[in-house]
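Colleague: I would like to go through this model with you, a few places at a time. Shall we begin?

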Amino acid sequence: MEKITYKITLQVLTPFSICFGAGKEEGISNKIIRNNSGYPYIPASTIKGLVRYYYSYLFEKGHIESANGLCRCNVCKIFGSQGNMPSRIFFEDLNFEKDDSLGTPVVSTKASIAIDRYRRAVRNKALFTQEMVENGIFSGRIILYLDSDEIHLKKQIEMAIKMIDRIGSSKSRGLGSVKVLLKEVK
């Protein structure tokens, strides 16, 4: 089995918000996720979910059931599935890169009103506030394990990773635009 390691870097182009649970804290409805140092970060599960979505969209149109009930499609082989089929791709949280030219990440608070998309009107009592990360570069690692006969999947996975162009909530409002840089490291 071959181990392939990547460094993934996301550059923030428009503000984004990845929040944890609901609940008002200091008058803010949705607070961003922060690490132990107080800096915002992008959870590994967020990136893995996006990569799995894009990979499925590009390369898999359905599951392939085997005789024992396990799925044999490439999505389930790479990302894992039920029935004791472990993942072969592992993501790290993307942490803020401290850079003297960028400074620390700017976190702002934005007030919004929820819209009832069915009625195309403002929902009653739907004012909320959410924290937004305005700037920064976030990076982490992705580790992929492939058998020698599956090495052709490497390019497909790289393509799915490079398709990430938005993260977080309020993407339909133009938020969360990012630029992805992917580099294989030894």
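Colleague: Where does V122 lie?
Modeller: V122 lies in strand 6. Please keep in mind that the model is predicted.

Colleague: Is V122 buried, partly exposed or exposed, and why?
Modeller: V122 counts as partly exposed because its relative accessibility is 44%, which falls between the limits of 20% for buried and 50% for exposed.

Colleague: Which residues make the nonpolar surface patch?
Modeller: The patch is made by I113, I115, V122 and L127, and its area is about 350 Å².

Colleague: And which elements give two or more residues to that nonpolar patch?
Modeller: Those elements are strand 5 and strand 6.

Colleague: Is R120 buried or exposed?
Modeller: R120 has a relative accessibility of 75%, so it counts as exposed.

Colleague: Changing topic to another arginine: where does R88 lie?
Modeller: R88 lies in the loop between helix 2 (74-79) and strand 3 (89-91). R88 counts as buried because its relative accessibility is 17%.

Colleague: Which side chain does the side chain of R88 join through a polar contact?
Modeller: The side chain of E150 is joined to that of R88 by a polar contact of 2.3 Å.

Colleague: Which residues does R88 touch, leaving out those up to four places away in sequence?
Modeller: R88 touches M1, K77, I78, I143, L144, Y145, L146, D147 and E150.

Colleague: Now the aromatics. How many aromatic pairs does a search of the whole structure find?
Modeller: The search finds 8 aromatic pairs. One of them is formed by F16 and F138, which are edge-to-face, with 5.7 Å centre to centre and 80° between the planes. This pair links distant parts of the chain, 122 residues apart: F16 is in the loop between strand 1 (2-12) and strand 2 (41-42), and F138 is in strand 7 (residues 137-146).

Colleague: Are F16 and F138 buried or exposed?
Modeller: Both are buried.

Colleague: How are the rings of Y39 and F96 arranged?
Modeller: Their centres are 5.7 Å apart and their planes are at 20°, so the pair is stacked. Y39 is in the loop between strand 1 and strand 2, whereas F96 is in strand 4 (residues 94-96), 57 residues apart. F96 counts as buried because its relative accessibility is 7%.

Colleague: Which residues do ring pairs link into a cluster?
Modeller: The cluster consists of F16, Y39, F96 and F138.

Colleague: Let us return to F16. What does it touch, not counting residues up to four places away in sequence?
Modeller: F16 touches I42, E131, M132, V133, F138, I167 and G176. With a relative accessible area of 2%, F16 is buried. The C-alpha atoms of F16 and S169 are separated by 7.0 Å, although these residues are 153 residues apart along the chain.

Colleague: Finally, how many residues of helix 3 are buried?
Modeller: In helix 3 (residues 153-162), 7 of its 10 residues are buried, and the helix is mostly covered. The buried residues are L153, K154, Q156, I157, E158, A160 and I161.

Colleague: What do those buried residues of helix 3 pack against?
Modeller: They pack against strand 1, helix 1 (44-59), helix 2, strand 3, strand 7 and strand 8 (178-185).

Methods:
Residues are numbered from 1 along each chain as its sequence is written. This is a predicted model: local features need pLDDT of at least 70, side-chain atom pairs count only at pLDDT 80 or more; totals for chains, interfaces and linings use all residues. Side-chain values use heavy atoms; hydrogens and water are left out. Helices (H or I, at least four residues) and strands (E, at least two) are DSSP runs, numbered from the N terminus. Buried means under 20% relative accessible area, exposed over 50%, partly exposed in between (1.4 Å probe, protein chains only). A polar contact is a pair of N or O atoms within 3.5 Å; within protein, one must be able to donate a hydrogen and the other to accept it, and residues adjacent in sequence count only if both atoms are side-chain atoms. Contact means heavy atoms within 4.5 Å. Rings of Phe, Tyr and Trp (its six-membered ring) pair if their centres lie within 6.5 Å; planes under 30 degrees apart count as stacked, over 60 as edge-to-face and the rest as tilted. Patches are made of residues with over 30% relative accessible area and no salt bridge: like charges are joined within 9 Å, nonpolar side chains (Val, Leu, Ile, Met, Phe, Trp, Tyr) within 5 Å. Accessible areas come from the Shrake-Rupley method with a 1.4 Å probe; for residues, only the protein chains shown count as cover. A salt bridge is a side-chain nitrogen of Lys or Arg within 4 Å of a carboxyl oxygen of Asp or Glu.
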